[in-house]
Amino acid sequence: MSNDNRDSNPPYVLGHSDHELNRLRAQARFLEPVTRQFLREAGIAQGMRVLDVGSGAGDVAFLAAELVGETGMVMGIDKAPAAVSAATAAAQQRGLRNVQFREGDPAEIKFDRRFQAVIGRYVLPFQADPSAMLRGLARHLVQGGLLVFHEPDWTFVRSFPLAPLYERACRWIIDTTELSGQSWNFLDRARFVFTEADLPPPTMRLHTFVAGDSNAREWLMGVGDIVESLLPTMVKMGVATAEEVNIESFRDRLLQEARSNGSVIVGRSEVGMWTNA
């Protein structure tokens, strides 16, 4: 993904390895109910023409395609050829005719028609200047079209009784993304990036994962997947050593810790935001 100052964007911190694309698919299953809620409340509906930016493995585009139905269409855009190839193959396997994928910079690519909505999930934190990106994306919209984004925030992660490895892992993730210039704590910036793009202040929603021990398994496994994707960057930046993480046993230790402590796990928050251009 990129923006008007695309050369200043740091490389995507999670990369586009097969492991990362598989992680994105698992994450998509976990996030699907929340993303669906945000898109529906924002106004994504039957018959709309939608642009999905930073489409990755295509999961948000597939969800949008379901919401817009056969009379609508979804165009997914991503800068990574591997992601576009994987998403295109997945669309073919699903037999979807109302969704397509293209490689390119969504803020600058040309389209023959405007869209009624631009959507994205986990996109804006990875931009050097997210407001510039929003300005570029708004040019693809019909008058009054929707901009809808679903972004993360790790401000409220915690556990009680304390699960030390879980909280340490969350700190590794937060520190690594902040040092990379791609902080995943987006809530305090959400309103600002829209207004700096000369857009109306967005409507915002916050959804936070909370679960006790065994019910937290899916989230804890997701934390393990993120740590594995980030591990080379963590080590390079001195956030954690490979020995400290011990990725081979890491997920098992997370699960065992939560079970033994009877911990309630507070996970990542999901921030929904939308406005009309």
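**Terms and their cut-offs**

Mentor: Let us begin with the largest cavity, whose volume is about 50 Å³. The model is predicted, and local features need pLDDT of at least 70, side-chain atom pairs count only at pLDDT 80 or more, and totals for chains, interfaces and linings use all residues. Residues are numbered from 1 along each chain as its sequence is written, and side-chain values use heavy atoms, with hydrogens and water left out.

Trainee: Which residues line the largest cavity, and what makes a residue part of a lining?

Mentor: A lining residue has an atom within 4 Å of a point. By that test the lining consists of Thr35, Phe38, Leu39, Val60, Ile119, Gly120, Arg121, Val148, Phe149 and His150. Two or more of the lining residues come from each of helix H1 (18-42), strand E4 (115-121) and strand E5 (141-153). Here helices (H or I, at least four residues) and strands (E, at least two) are DSSP runs, numbered from the N terminus. By class, the lining has 6 nonpolar, 3 polar and 1 charged residues. Gly counts as polar in this scheme.

Trainee: Why is His150 called buried?

Mentor: The term buried means under 20% relative accessible area, exposed means over 50%, and partly exposed lies in between (1.4 Å probe, protein chains only). His150 has 2%, so it is called buried. Its place is in strand E5.

Trainee: How do you know that the side chains of His150 and Glu270 make a polar contact?

Mentor: A polar contact is a pair of N or O atoms within 3.5 Å; within protein, one must be able to donate a hydrogen and the other to accept it, and residues adjacent in sequence count only if both atoms are side-chain atoms. The two side chains make such a contact at 2.9 Å. Not counting residues up to four places away in sequence, His150 touches Glu270 and several others, including Leu31, Tyr122 and Val271.

Trainee: Why is Asp129 called partly exposed?

Mentor: The relative accessible area of Asp129 is 32%, so it falls in the middle class. This residue is in the loop between strand E4 and helix H4 (130-138). A polar atom of its side chain lies 3.1 Å from the backbone nitrogen of Ala132.

Trainee: What makes H4 mostly covered?

Mentor: In H4, 8 of the 9 residues are buried. Among them are Pro130, Met133 and Leu137. The buried residues of H4 pack against strand E1 (49-53), E4, E5 and H6.

Trainee: Why is Asp198 placed in the exposed class?

Mentor: Asp198 has 67% relative accessibility, so it counts as exposed. It lies in the loop between helix H6 (190-195) and strand E7 (203-212).

Trainee: What makes a group of residues a nonpolar core?

Mentor: Such a core is a set of buried Ala, Val, Leu, Ile, Met, Phe, Trp, Tyr and Cys residues joined through side-chain atoms within 4.5 Å. The largest one has 35 residues, and Trp154, Tyr166, Trp172, Ile173, Trp219, Val227 and Phe250 touch the most other members. Its largest share, 8 residues, comes from H7. Beyond four places in sequence, the contacts of Trp219 include Phe30, Phe209 and Arg268. A second, separate core of 27 residues includes Leu39 and Ile119.

Notes:
On a 1 Å grid over the protein atoms alone, a cavity is a set of points where a 1.4 Å probe fits but cannot get out, and a pocket is an open set with protein on both sides within 12 Å along at least five of seven lines; lining residues have an atom within 4 Å of a point. Grid points are joined across faces, edges and corners, and a volume is the space filled by probe spheres set on the points. Contact means heavy atoms within 4.5 Å.
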